[in-house]
Amino acid sequence: MQVRALALALSLQELGVERGDVVAAQLPNCAELVVAYLAAGLCGAVLQTVHMPYRGAEIEVLLRHSRAKVVLCVGETKDYRAAESMLALRARLAALREVIAIGNAVPAGCRRFDELVAGPGQAAGLRTQSASDWPYLLLYTSGTTSAPKGVLIAYDNFLSNARLSTAELGIDADSVLLSAAPFTHLYGLFSLNLTFAVGATAAVLPAFTPQALDQAIRRTSAQGLFLGPAHVAGCFAATLMEPAALRTVRFALVSGSAFEPKLAEALQGRLPQAAKVLQLWGMSELQAGTFTRPSDSLERRCDSVGTATPGTELRVVDVADQPLPCGVEGELQMRGCSLFSGYYENPEANAAAFTDDGWFRTGDLAQIDTGGYVRLIGRTKEIINRGGVKFNPVDVELLLLRHPRIAECAIVPMPDPVLGERACCFVTLKSDGSSAPAFGLDDIRAWLAQHEVTKLKWPERLEVLASMPTTPTRKIRKGELQAMARHLQATS
């Protein structure tokens, strides 16, 4: 791996990559992406990650904004000729000079990855030695807007965060870590950074399916799992991730969206006796902000995202950025060694993101108890304002996820000419055969009434979807659901 990374770094320099230039990569979880991650750093470049589901329109916006000089991609997949798409983009993007393709289907005009890593890989040939405060990573929080939010990260930020977290999570050189999340996302990258920090082993899962994850855990004897709630739910629905598959696991770290406590407890029940379910909260702007520790109680590990990571400060504030007492709900703010310095060439976003005294506004609603444990409540933009009375729908969503027929659930605000907003509930249903009775809003209301939820929080519209719109990391895209709700209201 080291020799190939050095060889690629030298090849990138020969192709004209200088310190600070952006090298983009749209690759699945694979050894080649890890080599590119290391090689970009070795030659002083900045690696920009691009999620695999993105196509030409999204990619062009991102590469134009970053001014990437080189892009690495697969030659083609069964439904996507990535290299040809990148070559077409090169004709329209002045900064983009080289397309490097992996695999056998490499069209004319592309460089072959295998040829670029075939050299001797001598470190003495490198012109650049990286410094800890240099930027080395560029992540994007959105790929489809006219003003993308690029998160530019220095080595000091994420690598220190990972190094300080290894002991807290019980990770050492003998650990085998397996991420179901893509390495193009910060959570997948966090698993790699933890691996590098102690010389552990990274097991590679190219793309998630319940069957592929189950087989990978068995095949690699994985000890640390990096999962999202959707990965767990998907495996359970497919009657996978049984105790026999998890016999080597020491911890399962879950992040990305709300993790229903009952689901967390169910996963804990399948793990070996000494293994622990853990939760993490993080963002592209700060990597890991909190996590639960193996020494925490089961209740803490299932019902909170833990306490601050080493070097991280947290507070909850009101709308005027004034700190709130323990247990009071407000916006979660953060500062610390892992925090990025600002969005890439986006001064408007930067002005809104930081307080005058340097705290980062996460946009997450949370409570912090007297022990420092954080419980996430939702997002500030997802609050529903019904006739001047505001409420957070997250608790209702979690309750509905316990309904025997609901697989996924999201509640978003829907415009209303009288009350301003009402609640629109989107669900997908578990597969229970064509003979199952129809599922409607009355079923939702009956469930909430049974669990004594105030009518103020009851959804007033239900839409059953075949599938939820999700991000590449399987988070539900609530923005798309809000747009659907607006359209439904306008056309009804």
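I started with strand β2 (residues 46–49), which pairs with β6 in the parallel sense over two bridges. This is a predicted model, so I read everything below as computed. In that pairing I found Q48 standing opposite L138 of β6.

Next I looked at the other partner I had noted for β6. Strand β7 (residues 150–154) pairs with β6 in the antiparallel sense, over five bridges. Here P135 stands opposite A154 of β7. I also checked how covered β6 (residues 135–140) is, and five of its six residues are buried.

**Helix α2**

Then burial. Nine of the 12 residues of α2 are buried, so the helix is largely enclosed by the rest of the structure. I wrote down the buried ones: E32, L33, V34, V35, A36, Y37, A39, A40 and G41. After α2 comes G44, and I noted its positive phi, near 80°.

**A9**

A9 sits in helix α1 (residues 2–14). Is A9 buried or exposed? I get a relative accessible area of 0% for A9, and the cut-off for buried is under 20%, so A9 counts as buried.

I then listed what A9 touches, leaving aside its neighbours within four places in sequence: A39, L42, C43 and L126 are in contact with A9. I also looked up R127, which is 118 residues from A9 along the chain; the C-alpha atoms of A9 and R127 are separated by 10.0 Å.

**Second largest pocket**

I put the space in the second largest pocket at about 220 Å³. Which elements give two or more residues to its lining? They are α2 (31–42), α6 (155–169) and α7 (186–198). The lining residues are Y37, L38, G41, L42, Y136, Y155, L159, A162, R163, N193, F196 and A197. By class I have nine nonpolar, two polar and one charged residues in the lining of this pocket. Y37 and G41 of this lining are also on my list of buried α2 residues.

**Largest cavity**

How many cavities of 30 Å³ or more are there? The count comes to one. I get about 30 Å³ for the volume of the largest cavity. The residues lining the largest cavity are L177, S179, F183, S191, L192, T195, A202 and A203. β8 (176–179), α7 and β9 each supply at least two residues of that lining, and α7 gives the most, with three. The lining of the largest cavity divides into five nonpolar, three polar and no charged residues.

**The seven-stranded sheet**

Last, I traced an open sheet of seven strands with mixed pairing, in the order β9-β8-β10-β11-β12-β13-β14. β9 (201–203) and β14 (307–308) stand at the edges with a single partner strand each, so one side of each is left without a neighbour in the sheet. Within the sheet I checked strand β12 (residues 276–283) against strand β13 (residues 287–291): they run antiparallel and are joined by four bridges. The bridge partner of L280 is F291 in β13.

Notes:
Residues are numbered from 1 along each chain as its sequence is written. This is a predicted model: local features need pLDDT of at least 70, side-chain atom pairs count only at pLDDT 80 or more; totals for chains, interfaces and linings use all residues. Side-chain values use heavy atoms; hydrogens and water are left out. Buried means under 20% relative accessible area, exposed over 50%, partly exposed in between (1.4 Å probe, protein chains only). Two strands pair if DSSP finds at least two bridges between them. On a 1 Å grid over the protein atoms alone, a cavity is a set of points where a 1.4 Å probe fits but cannot get out, and a pocket is an open set with protein on both sides within 12 Å along at least five of seven lines; lining residues have an atom within 4 Å of a point. Grid points are joined across faces, edges and corners, and a volume is the space filled by probe spheres set on the points. Ala, Val, Leu, Ile, Met, Phe, Trp, Tyr, Cys and Pro count as nonpolar, Asp, Glu, Lys and Arg as charged, and the others, Gly among them, as polar. Contact means heavy atoms within 4.5 Å.
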